[in-house]
Protein chains: 4
Amino acid sequence: MRAVRVVEYHESLQMDDVSEPRITGPFDVIVRIGGAGVCRTDIHILEGQWAEKSGVELPYTIGHENAGWVSSVGDAVTNVAEGDKVILHPLVTCGLCRACRFGDDVHCVNSRFPGIDSDGGYAEFLKTSARSVVKIDDALEPADVAALADAGLTAYHAAAKAARRLRPGDRVVMIGAGGLGHIGIQVMAALSPAEIIVVDRNPDAVKLGVEVGATHGVVATGGHVDEVLELTGGNGAEQVLDFVGEGGSTAEGIRMTRRAGDYHVVGYGENVNVPTIDVISSEINIIGNLVGSYNDLVELMALAAQQKVTLHTAKYSLDDFQEAVDDLSAGRVRGRAILIP
Amino acid sequence: MRAVRVVEYHESLQMDDVSEPRITGPFDVIVRIGGAGVCRTDIHILEGQWAEKSGVELPYTIGHENAGWVSSVGDAVTNVAEGDKVILHPLVTCGLCRACRFGDDVHCVNSRFPGIDSDGGYAEFLKTSARSVVKIDDALEPADVAALADAGLTAYHAAAKAARRLRPGDRVVMIGAGGLGHIGIQVMAALSPAEIIVVDRNPDAVKLGVEVGATHGVVATGGHVDEVLELTGGNGAEQVLDFVGEGGSTAEGIRMTRRAGDYHVVGYGENVNVPTIDVISSEINIIGNLVGSYNDLVELMALAAQQKVTLHTAKYSLDDFQEAVDDLSAGRVRGRAILIP
Amino acid sequence: MRAVRVVEYHESLQMDDVSEPRITGPFDVIVRIGGAGVCRTDIHILEGQWAEKSGVELPYTIGHENAGWVSSVGDAVTNVAEGDKVILHPLVTCGLCRACRFGDDVHCVNSRFPGIDSDGGYAEFLKTSARSVVKIDDALEPADVAALADAGLTAYHAAAKAARRLRPGDRVVMIGAGGLGHIGIQVMAALSPAEIIVVDRNPDAVKLGVEVGATHGVVATGGHVDEVLELTGGNGAEQVLDFVGEGGSTAEGIRMTRRAGDYHVVGYGENVNVPTIDVISSEINIIGNLVGSYNDLVELMALAAQQKVTLHTAKYSLDDFQEAVDDLSAGRVRGRAILIP
Amino acid sequence: MRAVRVVEYHESLQMDDVSEPRITGPFDVIVRIGGAGVCRTDIHILEGQWAEKSGVELPYTIGHENAGWVSSVGDAVTNVAEGDKVILHPLVTCGLCRACRFGDDVHCVNSRFPGIDSDGGYAEFLKTSARSVVKIDDALEPADVAALADAGLTAYHAAAKAARRLRPGDRVVMIGAGGLGHIGIQVMAALSPAEIIVVDRNPDAVKLGVEVGATHGVVATGGHVDEVLELTGGNGAEQVLDFVGEGGSTAEGIRMTRRAGDYHVVGYGENVNVPTIDVISSEINIIGNLVGSYNDLVELMALAAQQKVTLHTAKYSLDDFQEAVDDLSAGRVRGRAILIP
């Protein structure tokens with residue numbers, strides 16, 4: 001089958017002919033790829049940034065945001081069958097450790113990450129596990145939802161966690177209305193009655209944020225912390241989600257957080273650097289957020305099926321993988337680039 | 001009546017004869033003081049550190065850790081009656097704001113802090129509100145529990161919050177086994193089945209920590225983070241409570257925190273300074289902790305009545321206030337100094 | 001002032017001239033009534049059904065669903081001021097008992113119920129407490145929201161409690177789309193992403209339920225339990241709210257509840273009668289629901305201000321009180337009858 | 001190997017020689033039995049009560065409370081290794097359904113129940129799944145803990161759920177201090193600071209309840225509901241756990257439940273039959289409890305290793321199975337009968 005592979009770091013990806021994956025274990029699932037998201041992480045992989053961390057042996061097939069159709073299954077698989085439309089949770093987890101047993105499979109102590117440390121989805125077929133496949137609604141197409149598998153799932157996880165602490169009359173600030181943020185806003189509008197305040201440096205992003213569900217838009221031009229405080233009666237918001245995590249957003253986000261509220265770290269880059277006296281005197285919490293669990297992905301797909309979360313995509317044939325990567329590098333992609341075998 | 005007052009910053013406290021407080025409102029409660037804790041904050045007040053923040057007019061009576069007997073009550077008071085033994089919540093709160101209405105009275109938007117911004121308890125009588133008095137068990141004496149009103153209540157609040165997330169087989173680290181920490185350990189042992197690991201630079205404090213309920217004691221001499229990791233299977237603890245908050249304890253505490261765990265800020269001094277990538281990749285939370293609520297104080301008094309939380313005190317006559325302050329300044333007090341009118 | 005009073009049980013209500021209430025305590029609030037809901041309970045009072053339970057002395061002014069404008073306040077009142085538009089929580093609570101201190105003021109051990117056990121709102125003015133008044137948005141009118149004070153608040157309380165356990169892809173059944181139910185559906189649609197299935201014997205009620213937010217409507221004509229099971233993949237719904245509580249709805253509601261799900265009792269009349277083996281083998285919970293708390297009412301008013309919850313009302317002048325009562329008795333009121341002084 | 005089997009309903013169990021189980025799947029685990037609990041359910045099975053429900057084909061090996069040593073494992077097993085001491089969760093679950101993915105594996109839609117619907121543990125070896133084996137502490141012996149696998153796990157599950165809602169000063173009633181109840185009391189004492197009130201008709205059981213952790217003992221001789229009300233200030237207890245579920249205990253338990261409290265059904269037999277008006281006016285909850293999850297069993301084993309939960313056992317050689325069954329039938333077993341191959 002055709003597969004796009006990393007053959008050497010600092011070199012271009014290469015289309016190869018490789019053998020199709022085969023079922024060898026009872027929980028194996030082979031998926032015919034319907035769409036594979038092209039992510040900035042893929043470019044970082046080519047630059048060698050993940051070489052040591054992943055320890056992957058070259059050559060290998062990249063692509064960690066995948067959806068498609070089940071092609072074959074091992075004999076112990078009960079949750080999907082041949083022909084089912086599925087999206088793939090980014091991790092293949094053990095199901096046996098305490099984290100997996102609590103549904104926090106993201107903290108699995110024995111996980112594997114296809115597309116990062118083993119063969120991924122820039123290919124015709126991908127082998128994964130029954131534990132990683134989520135059936136999607138008939139009305140959804142793999143190529144349309146593939147990018148929700150990782151970026152969207154992270155946004156869902158943070159927004160759903162914050163929503164559980166919000167009540168009518170509360171406010172939530174979403175810092176950053178880019179790829180993750182604009183999914184996060186849609187999720188928040190679906191799950192919570194709180195007023196949503198979107199903050200971004202880019203006026204177009206703010207506009208998009210308001211279109212997809214935010215109540216107020218604030219363009220970050222210097223006075224935005226004060227503007228948020230004014231919109232929240234001088235108190236700050238009960239929940240603040242920071243999809244940026246750099247360029248000063250952490251200190252700003254904390255200043256926007258109300259007494260006894262939560263500041264969520266989602267994006268990353270800089271340090272959170274805050275006096276302990278400020279943490280205790282306002283009794284705020286700084287909440288970490290990683291990618292969502294398998295069950296989170298099931299829930300996100302329910303929202304997608306109800307058309308409460310949608311995503312703009314630019315589709316490329318798998319053969320045009322280089323063009324997709326080039327377009328992403330050059331900032332020419334609006335929404336998410338998707339490869340279709 | 002006799003009252004010990006701040007007459008001028010940077011001068012000694014002074015015993016004065018002042019008029020006794022009188023009931024003027026329906027929720028007023030006048031308490032005959034049975035014990036008033038002498039706290040390091042009292043020394044900071046004399047040094048003028050609180051002058052601007054509290055805005056209190058001099059002279060005024062200090063003392064914010066108080067217990068005694070109800071002497072008289074306003075006509076709307078239904079929760080206590082003359083003669084009742086009581087401990088005083090440190091704040092006088094409004095009962096009307098949203099925080100008060102949720103039981104988070106510590107975040108009251110209209111609170112008063114007797115002993116800090118109005119007359120306190122180094123005196124024969126103190127006027128407070130029905131909302132601030134907690135009846136204590138017959139078996140408890142005001143002078144024995146007074147110091148639980150503020151320091152103990154803070155430790156209770158943090159330990160009870162952490163205990164709600166702990167299950168059998170989990171571990172909790174308590175950094176610092178001093179005034180707050182050794183109360184926190186007793187509370188944790190009463191509320192949680194988790195193994196308690198106490199960490200302190202002072203071997204005597206570690207010993208005390210183990211005596212009052214810790215499972216393991218670790219003297220902080222440099223290798224203590226590794227020692228905690230070893231005691232927790234290399235993973236760190238599910239909950240870490242930092243009663244120190246300075247001298248590097250925040251970074252150490254975060255290193256001791258397990259994936260998806262909570263690091264609690266209780267003590268303060270330095271900055272929490274942590275890369276956002278570390279917050280998200282391990283998905284930890286940094287949890288602020290202020291003093292406990294009124295209901296927290298009721299619960300702490302239940303534990304005290306069951307003798308699950310005890311406190312070492314050094315008692316002084318109110319007339320000997322200067323000796324108590326001097327002993328505290330010189331580090332000669334074991335446990336907590338209490339003034340008894 | 002004019003006030004409509006119960007002068008004798010089993011006799012008609014009577015318009016009297018009584019003296020206006022005056023501020024006597026620091027937390028007193030006098031409200032000029034803008035609207036008072038006419039409730040079936042008022043008819044039951046006249047029939048003497050509440051005589052023993054309330055112990056109220058006749059004559060007294062009835063009316064327990066009230067909204068209006070603050071006319072004057074006691075000197076300790078900080079949460080409202082003269083002229084504020086307010087809705088009144090049905091209970092006047094002490095603020096001092098443990099339940100009040102946790103925000104569960106409905107379980108206050110010292111509460112009073114104006115309109116039931118003391119003078120209510122079929123009058124020009126009503127005296128209540130600062131603890132019972134909730135400011136409403138400028139865009140809302142007292143006469144339009146008065147009926148949310150009791151009936152709406154009960155529906156909000158149950159729906160909000162159930163919503164906290166619902167996730168995308170889950171289903172919730174609402175049995176009964178009458179007065180409470182159609183508010184409950186609106187609340188559920190605002191707070192939860194779950195699919196809402198409304199069940200009612202009345203096809204018009206089902207139609208209204210779907211109009212105000214339900215995903216599926218089921219007319220209860222005998223096969224409705226099976227119909228709900230079919231809509232839920234044979235499993236039943238994660239949450240079932242029963243606004244009826246009689247005529248067999250409890251057994252039906254329990255059959256509609258999924259394993260590990262919750263069946264909420266809101267309406268009442270018959271017994272819940274269920275084998276313990278069924279409770280444990282499916283591990284369901286049967287959840288009681290009383291009227292909402294003060295904070296619940298604040299949240300409901302936030303939803304009303306956002307126009308997410310609306311109510312149909314039929315307005316009558318206070319002088320036409322008899323006509324309103326007669327219309328209600330005869331089933332001629334669509335929505336809720338409101339008296340306007 | 002030797003195995004004790006059901007050959008025909010209404011006939012005695014029979015010792016047979018059967019072939020040892022072999023590893024055939026990657027998650028298989030074969031356990032050498034160290035102890036198998038003899039349970040009243042085993043007698044009911046012989047009486048044919050489970051014949052239709054389980055659908056098991058005769059002959060088969062019974063025994064559903066098992067512990068022992070891992071004898072061999074499939075090639076995907078990562079959580080245990082040959083020689084590990086283990087206790088077995090009673091269910092073999094799929095790990096793929098939504099319930100399993102949330103840690104609620106007891107609600108697995110594809111589970112199997114060895115000893116009930118497939119070969120169990122009255123034998124030298126038992127084949128189970130990696131998902132069902134919990135490693136136990138070196139200090140524990142399989143024969144001593146086997147009976148915690150089902151009866152103890154049910155008691156743990158209910159007590160741990162109730163403990164999460166209890167705070168210092170609260171009270172919990174445990175109705176029934178027999179097999180499950182006396183484990184439940186030990187668990188409650190380990191997890192909660194609440195006062196424990198044990199109620200039983202048998203004075204010896206009450207005495208045992210107090211010995212293992214209850215604060216107050218009440219012998220049920222008619223006035224016990226009033227006695228409990230008196231012990232709880234006339235209010236009833238915040239949590240009531242009913243390990244009996246028959247003979248009037250459900251109505252009594254509900255009368256002992258405080259406003260806004262929880263009544264837990266654990267034991268079963270009669271109907272819960274309660275007016276809806278009582279459920280709503282006191283806003284109580286009736287909570288179902290099934291056996292605990294895998295993670296619950298891990299936690300119970302942590303308590304057992306800390307000697308916070310112990311169990312009295314009467315040990316029999318596997319060859320003496322008939323004597324054990326006869327002793328149980330005749331009420332001659334104190335604690336739990338255990339077969340040891």
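Which residue of E14(B) is the bridge partner of Val272(A)? The partner is Val274(B), and the paragraphs below lead from the sheets within the chains to the two interfaces, where this pair belongs.

The structure is a predicted model, in which local features need pLDDT of at least 70 and side-chain atom pairs count only at pLDDT 80 or more, while totals for chains, interfaces and linings use all residues. Residues are numbered from 1 along each chain as its sequence is written, chains are lettered from A and ligands numbered from 1 in the order in which they are written, and side-chain values use heavy atoms, with hydrogens and water left out.

Helices (H or I, at least four residues) and strands (E, at least two) are DSSP runs, numbered from the N terminus. Two strands are said to pair if DSSP finds at least two bridges between them. Strands of a sheet pair through backbone hydrogen bonds, either parallel or antiparallel. In chain A, three strands form an open sheet in the order E2-E1-E4, and their pairing is antiparallel. Strand E2 (14–17) and strand E4 (60–61) of chain A are the edge strands, each pairing on one side only. Strand E1 (residues 2–6) of chain A is joined to E4(A) by two bridges, and these strands run antiparallel. Within E4(A), Thr61(A) is the bridge partner of Arg5(A).

Chain B also has an open sheet of three strands, in the order E2-E1-E4 with antiparallel pairing. Here strand E2 (14–17) and strand E4 (60–61) of chain B stand at the edges with a single partner strand each, so one side of each has no neighbour in the sheet. Four bridges link strand E1 (residues 2–6) of chain B to E2(B) in the antiparallel sense. Val4(B) has Met15(B) as its bridge partner in E2(B).

We turn now to the relation between chain A and chain B. Copies are superposed by least squares on the C-alpha atoms of residues with pLDDT of at least 70 in both. Chain A is superposed on chain B by a rotation of 180° with 0.1 Å of shift along its axis, at an RMSD of 0.1 Å. The two copies are therefore related as by a two-fold rotation axis. In chain A, the C-alpha nearest this axis belongs to Asn273(A), 2.1 Å from it.

Contact, which means heavy atoms within 4.5 Å, involves 36 residues of chain A and 36 residues of chain B. Because 100% of the interface residues of chain A are also interface residues in chain B, the copies meet through the same surface. Buried area is the accessible area (1.4 Å probe) that two parts lose on being put together, summed over both. For chain A and chain B it is about 2,900 Å², with 53% on carbon and sulfur atoms. Thr276(A), Ile280(A) and Glu283(A) supply 23% of the area that chain A buries against chain B, more than any other three residues.

A salt bridge is a side-chain nitrogen of Lys or Arg within 4 Å of a carboxyl oxygen of Asp or Glu. By this rule, two salt bridges cross between chain A and chain B. Lys161(A) forms a salt bridge with Glu283(B), and their closest N and O atoms are 3.4 Å apart.

The remaining interface joins chain B and chain C. A rotation of 180° with 0.0 Å of shift along its axis superposes chain B on chain C (RMSD 0.1 Å). The same surface serves both copies, as 100% of the contact residues of chain B recur in chain C. On each side, 20 residues are in contact, in chain B and in chain C. The area buried between chain B and chain C is about 1,800 Å², and carbon and sulfur atoms give 48% of it. Leu96(B), Arg101(B) and Asn295(B) supply 42% of what chain B buries against chain C, more than any other three residues.

Four salt bridges are found across the interface of chain B and chain C. Glu299(B) forms a salt bridge with Arg98(C), with the closest N and O atoms 2.8 Å apart. Helix H3 (98–101) and helix H11 (294–305) of chain B each supply at least two residues of the side that touches chain C. H11(B) gives the most to that side, with four residues.
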